[in-house]
Amino acid sequence: MLLTAEETARAARFFTDGITCLATRPVRLMEVCGTHTVAIFRAGIRQLLPAAVELVSGPGCPVCVTPNEYLDTAIAYSRRPGTIITTFGDMLRVPGSESSLMAEKACGADIRIVYSALDSLAIARDNPGQAVIFLAVGFETTAPTAAATILQADKQGLTNFFVLSAHKLVPPALKAILATPATKVDGFLLPGHTAAISGLEPYRFVAGQFGVPAVVTGFEALDILQGIYMLLQQLQQGQAELQNQYRRVVKTEGNPAARDILDQVYQPAGTGWRGFGEIAGSGLELTAAFRRFDAQAALPLTVAGSREPAGCRCGEVLRGLITPPACPCFGRHCTPEQPVGACMVSVEGACAAWYKYGQGRWSCE
Ligand code: SF4
């Protein structure tokens, strides 16, 4: 049901007044998802909250958490003769250890931006003599599309289409955060779109095992205000539950059809996250039946040791240990035009959001 402007304003006042009443002690809430981070800034939600409520960004930007080892491997493939790399646009500008996909493209590598994994199949069909490698980056939300693309490639008998998988699952990263006492998170706004695929079950451990309240939250300003209100209600009452604010989209059981496709093609595996290192069971690798589409299995190549950019503190930003302005590079050597780290590149990156929407700049002056 669509609300009128007046109804929206009344609902926003209800939630902000409620949050102010409930904020009787300092609390630190993590918005796990980069889309939440951007929505919070765009709607000016931070300015509406009492000083006792601190919002901290989490590891929910797929481009940001993709480590340099992956970028360096993608760059190495882009230099491989007879290879076309297909990727979403954000990955292009992320600095790897020595180069970026953008720099490689400028030097002549065949790197093409696609808007969906399926676009890569047409490129593979049109270029039968070349290997087409899709950079499969994203969380539970995008992985089913990549899996459906691999099923299509199989059906079409394509032998020159491959994926370099960096798919990640959100719950294991939350477990890693909760196991780090320094992070001190009192409650989680959980990503509505990943829960729409996985359902609520994978997130129950947050409250059940760690005793921390969590609310699966939508992406409108009112959704986010209500999610914060629900977290504060729980904290005030000494409860720790998993609640679903985004019922209009997220069903308890998630999307079984999407998970079915995913399970046919992928299986959980350990994978590396920027700032976290390897997290067991947090990635997706191709099952034996589809391993011929795995770029690293089909077209093995060696990549020299990777390193993080000097001075960059993206890892701490992603774990909720610091906010972006605490990084000495923020707004000085690192800006969206000249990014040092991944969090300043992606449209969902916390550093880019802090910079773009102003608050970060004030602290740099
Ligand atoms: S400001 Fe730049 S260098 Fe610092 S953490 Fe953010 S992206 Fe990394």
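Which residue in E9 does valine 215 stand opposite? The answer is glutamine 243. Keep in mind that this is a predicted model.

**The five-strand sheet**

- Start with an open sheet built from 5 strands, which follow the order E2-E1-E7-E8-E9 and pair in parallel.
- At its edges you will find strand E2 (53-60) and strand E9 (242-244), each of which pairs on one side only.
- On average, neighbouring strands in this sheet are turned by 25° against each other, direction ignored.
- Strand E8 (residues 214-217) and E9 run parallel and are joined by 3 bridges; this is where valine 215 faces glutamine 243.
- Helix H12 (residues 221-236) packs on the sheet and touches strand E1 (27-33), E2, strand E7 (187-191), E8 and E9. The direction of H12 makes about 165° with that of E8.

**The four-strand sheet**

- A further open sheet has 4 strands in the order E4-E3-E5-E6, again with parallel pairing.
- Strand E4 (111-113) and E6 stand at the edges with a single partner strand each, so one side of each has no neighbour in the sheet.
- From one strand to the next, the twist averages 25°.
- Helix H5 (residues 68-78) lies across strand E3 (83-87), E4, E5 and E6, and runs at about 165° to E6.
- Helix H8 packs on this sheet too, touching E5 and E6, with its direction at about 160° to that of E6.

**A closer look at E5 and E6**

- How many bridges join strand E5 (residues 131-138) to E6? There are 7, and the two strands run parallel.
- To get from E5 to E6, the chain passes through helix H8 (residues 143-155), and this β-α-β crossover is right-handed.

**Leucine 284**

- Leucine 284 sits in strand E11 (residues 277-286).
- Is leucine 284 buried or exposed? Its relative accessible area is 10%, under the 20% limit, so leucine 284 counts as buried.
- Leaving aside residues up to four places away in sequence, leucine 284 touches Ala143, Ser165, His167, Leu169, Leu262, Tyr266, Gln267 and Pro268.
- From leucine 284 to alanine 221 there are 63 residues in sequence and 32 Å in space, C-alpha to C-alpha.

**Nonpolar cores**

- In soluble globular proteins, nonpolar side chains tend to be buried together.
- The largest nonpolar core here has 75 residues, and those with the most contacts inside it are Leu101, Ile133, Leu174, Phe188, Leu190, Val206 and Val216.
- Helix H16 (residues 350-356) contributes the largest share of this core, 6 residues.
- A second, separate core has 25 residues, including Leu121, Phe134, Ala147 and Phe293.
- Beyond residues up to four places away in sequence, the contacts of valine 216 include Leu190, Leu200, Leu242, Gln243 and Val250.

**Helix H2**

- Of the 9 residues of helix H2 (residues 34-42), 7 are buried, so H2 is largely enclosed by the rest of the structure.
- The buried residues of H2 are Gly34, His36, Thr37, Val38, Ala39, Ile40 and Phe41.
- After H2 comes glycine 44, which has a positive phi, near 70°.

**Aromatic pairs**

- Across the whole structure, 11 aromatic pairs are found.
- One of them joins phenylalanine 330 and tyrosine 355 edge-to-face, at 6.1 Å centre to centre and with 70° between the planes.
- Phenylalanine 330 lies in the loop between helix H15 (314-318) and H16, while tyrosine 355 lies in helix H16, so the pair ties together parts that are 25 residues apart in sequence.
- Both partners are buried: phenylalanine 330 has a relative accessible area of 1%, and tyrosine 355 has one of 14%.
- Elsewhere, Phe14, Phe15 and Tyr229 make up one aromatic cluster.

Methods: Residues numbered from 1 in each chain as written. Predicted model: local features only at pLDDT ≥ 70, side-chain atom pairs only at ≥ 80, totals over all residues. Heavy atoms only, no water. Buried < 20%, exposed > 50% of the residue type's maximum accessible area, 1.4 Å probe, protein only. Contact = heavy atoms within 4.5 Å. Pairing = 2+ DSSP bridges. Right-handed = clockwise from strand over helix to strand, strands pointing away. Axes fitted to C-alpha atoms, helices over the stretch in contact; angles between N-to-C directions. Core = buried A, V, L, I, M, F, W, Y, C linked by side-chain atoms within 4.5 Å. Phe/Tyr/Trp six-rings, centres within 6.5 Å; stacked < 30°, edge-to-face > 60°.
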